[in-house]
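Thanks for coming, everyone. Please look at the screen while I talk.

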Amino acid sequence: NEQKQKVDTLSISKGLFRDKQMSFGVGVNTNIYGLVEFGKNSRIKAIRHVIRPTLSFNYKPNMSKQNFDIVQVNAAGQRLALPQFEGNLFAPYSYGRFGGLSFSIDNNVEMKVRGKKDTVDRKVKLIDGLTFSSGYNFLQDSFKLQPISMSFRTTLFEKLSISANGQIDPYQTDVSTGLRRNRFVWQDGRFTLGRFTGGSVSASTSFQSSRKEDGNETTQEPGTTTISDPRLLADQQMLSEYMARNPAEFVDFNVNWSINLSYSLTLDRRLKPHYSGY
């Protein structure tokens, strides 16, 4: 809107729409192993590091371009491709062609700890996965280097699972509009990989009772405790009849149980509605 100097939202069209995407690619991957062994008197026997690099060549035509609107978003005349399917149950496909390289590096670190006397050595996982991935699009006129994605996962004390992921944009942003500039963040003498644009961290754990195998333990139904006092037999009979009529009011503590706990935190940097920053 030239008069109000802002981007107007069009009315939402309801109906049945179709989106499509196609891609081609070929890739290679391998494993690189590194091993550090310690002395005989060390509690730690060895540490192993596994690196899994992946390199692929991909091509994706811009088959979804009819489902995007090229809209001017500021007074300087800058334009963005805005998806028509944004906010639906299924996210829209990406805009533009891709023809170039995709690469990633996954890391795994574990150590072997000497057991006590008459026990076997045990493996302890330090890092289940530490992954870095990105790509380079030769077909784009600008912003050829793709955002850098990172992920991390590990398990502490064999009980607490922790995972995190994040994304870094290697390009600068305009101070007044907050939009990207085709200039790397490290080109002005700054020592940084890029701008943090979003990520999440989560943790989960679980507790459960000891599993009872069939036939190893004899349990007694609630309310059937053996009573030798004849004066209490009538009360026991009344309690058994009441429990038979109202089974939901009583709990059998001999059944197996489990408790699961989880926590998740998500951070996301988004452009303001009027494209005046994040």
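Confidence comes first. In this predicted model, helix α1, residues 233-245, has the lowest mean pLDDT among the elements of the chain, at 77. Strand β1, residues 24-29, has the highest, at 95. pLDDT is the predictor's confidence in each residue, from 0 to 100. The mean for the chain is 83, and 89% of its residues reach 70 or more. Where pLDDT is low, the predicted coordinates should not be read in detail.

Now the ground rules. Local features here need pLDDT of at least 70, side-chain atom pairs count only at 80 or more, and totals for chains, interfaces and linings use all residues. Residues are numbered from 1 along each chain as its sequence is written, and side-chain values use heavy atoms, leaving out hydrogens and water.

Next, the layout. The chain has 1 helix and 13 strands. Both are DSSP runs, numbered from the N terminus: helices are H or I with at least four residues, strands are E with at least two. Along the sequence the pattern reads β-β-β-β-β-β-β-β-β-β-β-β-α-β.

How much of the chain is buried? Of its 278 residues, 19% count as buried. Buried means under 20% relative accessible area, exposed means over 50%, and partly exposed is in between, with a 1.4 Å probe and protein chains only. The chain exposes about 20900 Å², and carbon and sulfur atoms supply 55% of that. Those areas come from the Shrake-Rupley method with a 1.4 Å probe; for residues, only the protein chains shown count as cover.

On to contacts, meaning heavy atoms within 4.5 Å. Take those with a separation of 6 or more: residues 24 or more positions apart account for 59% of them.

Let me zoom in on asparagine 137. Asparagine 137 sits in strand β7, residues 122-137. Buried or exposed? Asparagine 137 counts as buried, because its relative accessible area is 1%. Its side chain reaches the backbone nitrogen of glycine 99 at 2.9 Å. The side chain also makes a polar contact with the side chain of glutamine 140, at 3.4 Å. A polar contact is a pair of N or O atoms within 3.5 Å; within protein, one must be able to donate a hydrogen and the other to accept it, and residues adjacent in sequence count only if both atoms are side-chain atoms.

Phenylalanine 138 lies in the loop between β7 and β8 (148-156). Phenylalanine 138 is partly exposed, because its relative accessibility is 48%. Setting aside residues up to four places away in sequence, phenylalanine 138 touches Gly99, Gly100, Leu101 and Lys144. Phenylalanine 138 and glycine 100 are 38 residues apart along the chain, yet their C-alpha atoms are separated by 5.4 Å.

Now glutamine 172, in strand β10, residues 171-173. Glutamine 172 counts as buried, because its relative accessibility is 10%. Its side chain reaches the backbone oxygen of phenylalanine 184 at 2.9 Å. Glutamine 172 and arginine 195 are 23 residues apart in sequence and 7.7 Å apart in space, C-alpha to C-alpha.

Last, the surface. Which residues form a nonpolar patch? Val26, Val28, Leu55, Phe57 and Phe103 do, with about 450 Å² of accessible area together. Strands β1 and β3 (44-60) are the elements that give two or more residues to the patch. Phenylalanine 57 lies in β3 and is partly exposed, with a relative accessible area of 48%. Patch residues have over 30% relative accessible area and no salt bridge; like charges are joined within 9 Å, and nonpolar side chains (Val, Leu, Ile, Met, Phe, Trp, Tyr) within 5 Å. A salt bridge is a side-chain nitrogen of Lys or Arg within 4 Å of a carboxyl oxygen of Asp or Glu.
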